[in-house]
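Here are my notes on this model. Keep the structure open while you read, and check each point as you go.

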Amino acid sequence: MLAPAPTEQDFFWDDLLEYIGEKRVIPIVGAELLTVPDGSGGQLPLMRVLAARLAERLRVPADDCTGDDALHQVVCRYIQRGGRREEVYPRIRTLLKELAPAVPPILRELARIRHFNVFVTTTFDSLLAQALDEERHGGAPKTASLAYSPNNNLDLPVEARGRETPTVFHLLGRVSASPDYVITEED
């Protein structure tokens, strides 16, 4: 009996596995992978929790800010009420420190795939680098973490692919007290 002919999808997966084997695939991680426990056994998106806490801190109504752009909505409401944009960045940094979210299991699973050594993230947190350090280096901070900043247009170096230690590139910046990362669409 003849085996069925391979489909385009079969070829796609075969090709993808070959590219991964050659370390030619760079995973891009977004906010949808970042969740925190909700206290009742479920999970909530980290950015939504961050938005709710930021709204409380800034005294901005945010009951209807529940979508993927909740943080953007909260910041825009704060600015519309006369708040200064520069005041938001250190608040977010402080809230992330206070939340101290655990590394989501999905990031740990991704960090275990040794054929991935360069990662791009569209989030401003350090959870991906933390996952890599914990899974590959016993928690020692060895992952290179590079970030875009409006004041320092650093790009992902070509040699990052050949490094032994993993590299995380924060495409939209990394959290700091200054406005060096993206939190709104205007940023």
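This is a predicted model: local features need pLDDT of at least 70, side-chain atom pairs count only at pLDDT 80 or more; totals for chains, interfaces and linings use all residues.

1. How much space lies in the second largest pocket? The value is about 230 Å³.

2. Which helices supply at least two residues each to this lining? They are helix 4, residues 88–99, and helix 6, residues 127–137. Helix 4 gives the largest share, with three residues.

3. Now sort the lining of the second largest pocket by class. Five residues are nonpolar, two are polar and four are charged.

4. Turn to the largest pocket. Its volume is about 510 Å³. It is lined by 22 residues, and A31, M47, D68, D69 and L71 are the closest to its centre. Two elements give two or more residues to this lining: helix 2 (46–58) and helix 3 (70–80). The largest share, three residues, belongs to helix 3.

5. The class counts for the largest pocket are as follows. Ten lining residues are nonpolar, seven are polar and five are charged.

6. Next, look at strand 6, residues 167–170. Is each of its faces buried or exposed? On one side sit T167 and F169, and both are buried.

7. Which strands pair with strand 6? Strand 4, residues 118–121, pairs with strand 6 in the parallel sense, over four bridges. In that pairing, V120 has F169 as its bridge partner. Strand 5, residues 144–147, also runs parallel to strand 6, and four bridges join the two. Here S145 has V168 as its bridge partner.

8. Last, find G21. This residue lies in helix 1, which covers residues 8–21.

9. One more check on G21. How far apart are G21 and F116 in sequence and in space? They are 95 residues apart in sequence. In space, the C-alpha to C-alpha distance is 9.0 Å. Trace the chain from G21 to F116 and compare the two values yourself.

Terms used:
Residues are numbered from 1 along each chain as its sequence is written. Side-chain values use heavy atoms; hydrogens and water are left out. On a 1 Å grid over the protein atoms alone, a cavity is a set of points where a 1.4 Å probe fits but cannot get out, and a pocket is an open set with protein on both sides within 12 Å along at least five of seven lines; lining residues have an atom within 4 Å of a point. Grid points are joined across faces, edges and corners, and a volume is the space filled by probe spheres set on the points. Ala, Val, Leu, Ile, Met, Phe, Trp, Tyr, Cys and Pro count as nonpolar, Asp, Glu, Lys and Arg as charged, and the others, Gly among them, as polar. Buried means under 20% relative accessible area, exposed over 50%, partly exposed in between (1.4 Å probe, protein chains only). Two strands pair if DSSP finds at least two bridges between them.
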